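Let's take a look at this structure together, one piece at a time. Keep the 3D view open while you read.

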Amino acid sequence: MSIDIILLFCLVLAAIWTVMTVRLIHSIIGLALTSVLLSALMYRLASPLAAVFELSVCAGLISVIFLVTVSFTQRVSKEEMPARRKERFVRFWGLLFIVAVAGLLLILFFKAPQFQLPPPAGEQNVRDVLWNLRHLDMLGQVIVLLAGALGVAVFFKEHKK
Amino acid sequence: MPSLFVLTPFLLLVVVNLPFKFLRKQIALWPAVGGMLVAQVVFSTFYPLNIGRGIADPFEQFFMFGLSLDSLSSIMLLIIGIVAFVSVLVASSMISEERQVFHFLNLILISVIGMNTTVLISDIFSLYVFVEITALAVFVLIAMEKGKFAIEGTFKYLILSAVASVFMLTAIAFFLMAVGSTSFAAIKDAFASNSSDAFLLKLGTGLFLCGLLIKCGVVPFHGWVPDAYSAAPASVSVLLAGVVTKVSGVYVLLRLFGTVFILNAALQNTLLLVGIISICFAAFASLTQTDFKRMLAYSSISQVGYIVLALGAATPLAFVGAVFHFFNHAIFKSLLFVNAASLEKRLGTTDMDKIGGMGSKMKVTSATSLIGLLSTAGIPPLSGFWSKLIIIIALFSAGRPVYAVIALLASALTLAYFLSLERKVFFGKVVASPAAETKASFGITFSEVLLAAITVAAGLGFAFILNTWLLPLKEIVH
């Protein structure tokens, strides 16, 4: 249990770093790290299949797509960097306040509902899930990748010219 | 048969992306996409008349998509076909650069795949996947011209969509935990059996509702709608306002909350309240707008409010009214956005302070916009009148007279802001002189006439539509 909590805490930290950091490359690393930690959590929660997908698709494939996209953008100049950094922190101060207030309200007023979670379903055969049960979702995944590639082409391809 | 609606646009998508230059020529692309959409319109028009139901599905043996076509899906396929076809027609008049044409058609094909699958699916997780696919294609379409406002509109839509996704995914996880499956049938059974996991089901329903209300763009989740609708290119505004938000938000709401989930009193009251607040707030907000497209966007929020309100009444008659208003709204709102495209093409602006006296110069746009505006306001015998009438009768018979009266009064408000728009743009003093291009393009004029004709025909042929398309809907409602 304690390892899960530590992993969850690290995951939140990695996610916060992903959105707080100024450099896009650092954001990609942060996102990949978040995915890796999420994969570890999924593995710990007896879902190795989901963990493998998270690791390969989110930490791997998605990071590569982001890297390609970032390669089409221009680097922020050193003169602009301090201002950007300051602006980023100013923008997220409100978030800290919201988290603190929400946490306080939860501690004071939230009562855990009385219900029992059903037992986790057994792992199904991967081949069965992919090729027999979720045909449509597989097609969906192909289309999502195509739409993502088109998005990159529309927004960033011309910048390189 | 239903899988053809997914695989045909997918195959077309693959074909246009093959590395053969002649396939990318506009002359081959426009008719191919337009023809496919016309075929969809023809099929879904005749489906309720029992014509074409026996067509064999050549892909049935290879793919197990679990799609099903019922009376609600066929109406949705008809709406998607008509609005996407009109969007393609408008784009053919407004986009000329070969590369942009290629990107536009690719993205519209992806959004059609997403929407067609969304209306045919019977699994809540796959439904989420295809709602996201539709949104993904539309994010790129809105910002395609890369203007500052377009990027801002897309960004707002993207962020709020991401929030909606979190709600919907969490809800799906709860349903999976409670039911052990994500199919509509299993979830419906779990609701009907009043199982021990009632708490998880209620939590899932509440979260899914929050996500869907964001996708619908109703008050108080409407922040992204005016920006996205007004900043998008003309052809994309038609698609977005006419069908995308309707299918990915309103249709899912109708399908799940009308035929799968069982609405308790709290949910009914929530829907009624959200509906009536959206109707009134957006109608008042429309009065203050000076941009044609922003006014239409607020009007859209208000009209979606009627659909949500009807759903809150939770009776089969109200459901029929909601679906008919969905159809009418998709058609007349697309018509009004095509009118906006026509003005934009001719004058280069949709700012109503800079436009005036266009009635004599743009006769088709002026006449068709009047039909669209009167139908939106619910003036008989146009289609909007009948759908609003059904909704108001359903509210009275469900014991909600206060909501019915407010909805009725808000219709008068709709008429007020649209008459003010009509007076300013078409009948006021001539403010701007037309830009270099003065001749309306065929694609836009044809779209205006087509949509206006459907609005009039749906009003005059209401009895036929009610018996053929709408009354079969009662069979799928709880």
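Predicted model: local features only at pLDDT ≥ 70, side-chain atom pairs only at ≥ 80, totals over all residues.

## Chain B as a whole

What is chain B built from, in terms of helices and strands? The tally is 19 helices and 0 strands.

## A helix pair inside chain B

Now zoom in on two of those helices. In chain B, helix α16 covers residues 383–397 and helix α17 covers residues 401–427; they pack at an angle of about 155°, and their axes are 7 Å apart. Angles over 145 degrees count as roughly antiparallel, so that is how α16(B) and α17(B) sit relative to each other. The crossing of α16(B) past α17(B) is left-handed.

Which residues do the touching here? From α16(B) come B:K388, B:I391, B:I392, B:L395 and B:F396, and they meet B:P401, B:Y403, B:A404, B:A407, B:L408 and B:S411 of α17(B). Sorted by type, the residues of this contact between α16(B) and α17(B) are 9 nonpolar, 1 polar and 1 charged.

## Chain A and its domains

Over to chain A. Its domain assignment lists domain 1 (1–76) and domain 2 (126–161).

## Where the chains meet

The contact between the chains uses 23 residues from chain B and 16 residues from chain A. On the chain B side, the elements giving two or more residues are α5 (98–120), α6 (124–142) and α9 (198–216). Which of them gives the largest share? That's α6(B), with 7 residues. The chain B side as a whole divides into 16 nonpolar, 6 polar and 1 charged.

## A helix pair across the chains

One pair spans both chains. Helix α6 of chain A (residues 135–156) packs against α5(B) at an angle of about 155°, with the axes 11 Å apart. That angle makes α6(A) roughly antiparallel to α5(B). Here too you'll find a left-handed crossing, as α6(A) passes α5(B).

On the α6(A) side, look for A:L136, A:I143, A:L146, A:A147, A:L150 and A:V154; their partners in α5(B) are B:H103, B:N106, B:L107, B:I110, B:I113 and B:T117. The residues of this contact split into 9 nonpolar, 3 polar and no charged.

Technical notes
Residues numbered from 1 in each chain as written. Chains lettered and ligands numbered in written order. Axes fitted to C-alpha atoms, helices over the stretch in contact; angles between N-to-C directions. Helix = DSSP H or I, 4+ residues; strand = E, 2+ residues; numbered from the N terminus. Parallel < 35°, antiparallel > 145°, perpendicular 65-115°, else oblique. Left-handed = near helix turned anticlockwise from the far one by under 90°. Contact = placed C-beta atoms within 7 Å. Nonpolar A, V, L, I, M, F, W, Y, C, P; charged D, E, K, R; others polar. Domains from an automatic or database assignment.
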